[in-house]
Each structure stands twice: as C-alpha cells, then as structure tokens.
Amino acid sequence: MRFGVFLGPYHRFGVNPNLAMHRDLRLAAHLDELGFDEIWFGEHHSGGVETIASPEVMIAAAAQHTTNLKLGTGVLSLPYHQPFVLADRVLQLDHLTRGRMMFGAGPGQLLEDATMIGIEPATQRARMEEALEVILRLFAGETVTAKTEWFTLQDAVLQLPRYSDFEVAVTGAVSSSGPALAGRHGAALLSLAATDPVGVERLAGHWETVEHEAARRGHTPDRASWRLLGPMYVAETVEQAKKDVAYGMPWLLDYLAHITPTALGSFDSVDALVDAVNESGRGVVGTPDMAVEQLTRLQEKSGGFGTYLFQGSDYARWPALLRSYELFAEEVIPRMNGQLEPVGRAFDRVLDSGFLGAETTARSQAEATARYRAGRA
C-alpha cells in the first residue's frame with residue numbers, strides 16, 4: 001500500500017494565508033523525507049479556506065524541495081480552463097518534474113468558483129467530460145479539431161511530447177459517474193468519499209463499474225491505481241489526539257457542512273465529535289493501532305486498493321500535525337507494507353535462542369583472554 005496527502009488545502013481561518021501556503025511546501029518536503037509516496041494540490045478560488053488557486057504553481061515549487069515524492073493536481077477543475085492551454089501547462093509540468101507529476105481532473109466543487117466566472121453549475125460535470133476527452137487526445141499526440149458551446153480547437157496539437165507516462169486520475173464520490181469515467185478512459189480513480197458511511201458501502205460497486213466500463217473500451221484497470229481518501233490523525237494516545245484536534249477539526253466540520261451534504265455537522269464537544277468520527281468509520285482520531293484497523297477495514301470493504309490519501313487539513317497546530325505524519329510513518333506504514341515481518345523474524349530468532357549468543361560470546365572472550373595470558377607467560 002502507498003500513502004499520500006490530498007491537500008485541498010483546508011487551512012484554519014485565522015492562520016496567516018501566506019505562511020500557510022509556504023507550510024504546504026514544507027509539508028511536501030516533510031512527507032518526502034518520511035517516505036510517503038505522493039501529495040496532491042487542489043484548485044479553488046473562493047471560500048477563504050482552500051487557498052491554492054493553481055496546483056501547477058504549487059507542484060513546480062514543491063518539485064524544488066522534494067526528491068522522490070510524486071506531485072499531483074488534486075484536482076484541476078476542467079470547466080474553468082481552455083483545454084488546449086491546460087494540456088500544454090500539464091506537459092510542461094511533466095518535463096519540469098521529470099516524470100513526478102500526476103494529472104488529476106474534476107468538475108469543480110465550490111459553487112462560487114463557478115458562478116464568479118459565469119458557469120452554470122449544472123453544466124460542470126458534462127463540460128469536464130468534454131474537456132477530458134480532448135485533453136487525453138492531445139496528450140496522445142493527436143491533432144484535434146473540436147467545437148463545443150464553450151471551447152473551440154482547430155487543428156490543435158501540442159508542441160511538446162510527454163516526458164513520462166504520467167498517471168491520469170479522475171474523482172469519484174458517492175455516485176457512479178466518477179468510476180464510470182475512470183473506466184471509460186483507462187484512468188485512475190480518486191475516491192473522495194471513501195470513508196463516508198454511505199460511500200464506503202459503495203466501494204466494491206464502484207470498482208465493478210470501473211471494470212465494466214473499462215472492458216467496453218478495451219482497458220485493463222488496476223486496483224493498484226485506486227486511491228481512497230479519508231480523515232486520519234494519529235498521536236501517542238487517544239487522549240492526546242483529541243486534545244490536538246480540538247484546534248482545527250470542529251472548525252473544519254462546520255465549514256464542510258456548508259459545502260457537502262454528507263458532512264457530519266456540529267457537535268457540543270470535541271469528545272462527541274471524535275467519537276462520531278471513530279465510531280462511524282468516517283475517519284481516525286487516535287493511535288497507530290486504530291489507523292491500522294481502519295486501513296484493514298477499507299481493504300476488506302473495497303476488495304483491495306493501492307493508495308490511502310490523508311485529507312489534508314489543519315486538524316492540529318503545525319508542530320503536532322508534522323508529528324502525526326511522522327508517527328504514522330514510524331508505526332503504521334511498515335505494518336501495512338510488511339516491512340516489519342523479516343526484521344521481526346530475525347528478532348524472534350535471537351529471543352528464541354535464549355542466552356546462547358551471550359553465553360557463546362562470553363566463552364569466546366574467556367578463551368581469548370586465556371590464550372593471551374598463556375602467550376605472555
């Protein structure tokens with residue numbers, strides 16, 4: 001299993017927005033150092049919380065501070081962009097990152113983002129699909145002529161080839177539209193409502209949709225490319241985790257209640273909020289053991305997936321947030337990936353031998369001392 005962060009971002013209101021943006025870059029470097037696999041940067045233009053307007057700019061900057069971390073547009077809202085110009089920028093990123101870029105696409109989420117630029121929200125899903133079809137053809141090196149009610153391409157061809165066979169991903173939530181689109185285009189699926197009590201029960205069905213649509217188009221889907229997103233915050237104890245998230249989680253849930261119909265809403269206390277998150281399976285606020293249990297449950301519910309993505313948010317103050325990711329890398333990742341099994345077997349062999357090693361060493365030391373003394377004599 002791989003691990004990463006899907007960074008909208010959700011920055012707590014009241015935090016210096018300039019500082020928060022630079023912290024996003026520091027987070028990418030921190031994840032790279034800890035051995036995480038990827039980070040995704042979102043695109044939003046309103047709300048005052050999700051303050052990244054250009055995933056491409058963030059990726060270009062983060063690439064200078066990381067070595068191995070994959071960097072994704074999470075996601076570019078296709079109806080907001082002329083498809084040819086967007087495809088050209090994405091290929092430039094592929095070259096700048098030397099193949100570490102991932103292209104994530106979606107229709108756009110925030111209502112005001114669309115209305116401020118004159119887009120009827122009801123058209124966004126259809127426009128996203130129109131744009132994606134053209135963009136994928138451009139990525140493939142085709143010369144494209146297309147005319148829709150909102151864009152025109154005339155003999156359009158990208159001047160750069162792809163640097164790498166970078167991953168293309170589309171978002172899915174509760175409905176089957178995202179999985180169907182992923183299957184039709186042979187794209188990866190980003191399941192953004194994977195831990196929602198409704199969404200988690202539909203995971204297996206969503207992958208069946210991916211497989212069905214992929215078979216119709218001659219694609220072979222790979223579960224290793226499937227990403228599941230959910231809230232996750234770990235600390236040394238449940239009590240410490242609760243204390244930490246009192247800073248940002250109640251605020252975030254209140255904000256999300258205005259954005260998505262599946263949000264939890266408000267609670268009278270942090271204890272009640274954390275209990276609701278944990279008991280519903282919507283997320284984890286607790287210990288590394290609880291994180292392992294959640295990830296195992298998601299594997300069983302989905303039938304198998306490739307990457308777990310943290311919902312990137314200011315749940316806790318900055319130092320505690322960094323420590324949470326560090327603790328996850330220390331104790332959860334090796335357990336989920338089997339990295340502890342061989343060293344565990346080696347460790348057990350030592351313990352199972354009793355004190356044979358110590359006794360053997362002691363005898364050898366005594367014999368060496370005796371030989372030395374005899375030689376001197």
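Visitor: What makes strand E5 (residues 101-106) mostly covered?
Guide: The term buried is kept for residues under 20% relative accessible area, with exposed meaning over 50% and partly exposed in between (1.4 Å probe, protein chains only), and 6 of the 6 residues of E5 are buried. Both faces are covered, with Met101, Phe103 and Ala105 buried on one side and Met102, Gly104 and Gly106 on the other. The model is predicted, so local features need pLDDT of at least 70 and side-chain atom pairs count only at pLDDT 80 or more, while totals for chains, interfaces and linings use all residues. Residues are numbered from 1 along each chain as its sequence is written, and side-chain values use heavy atoms, leaving out hydrogens and water.

Visitor: How do you know that E5 and E8 pair?
Guide: Two strands pair if DSSP finds at least two bridges between them; E5 and E8 have 3 bridges, in the parallel sense, and therefore meet that condition. Phe103 stands opposite Val168 in E8. Strands (E, at least two residues) and helices (H or I, at least four) are DSSP runs, numbered from the N terminus.

Visitor: Why is Ser164 called buried?
Guide: Ser164 has a relative accessible area of 18%, which is under the 20% limit, and it is therefore buried. Ser164 lies in the loop between strand E7 (152-156) and strand E8 (168-172).

Visitor: Which residues does Ser164 touch, not counting those up to four places away in sequence?
Guide: Ser164 touches Asp94 and Gly99, where contact means heavy atoms within 4.5 Å.
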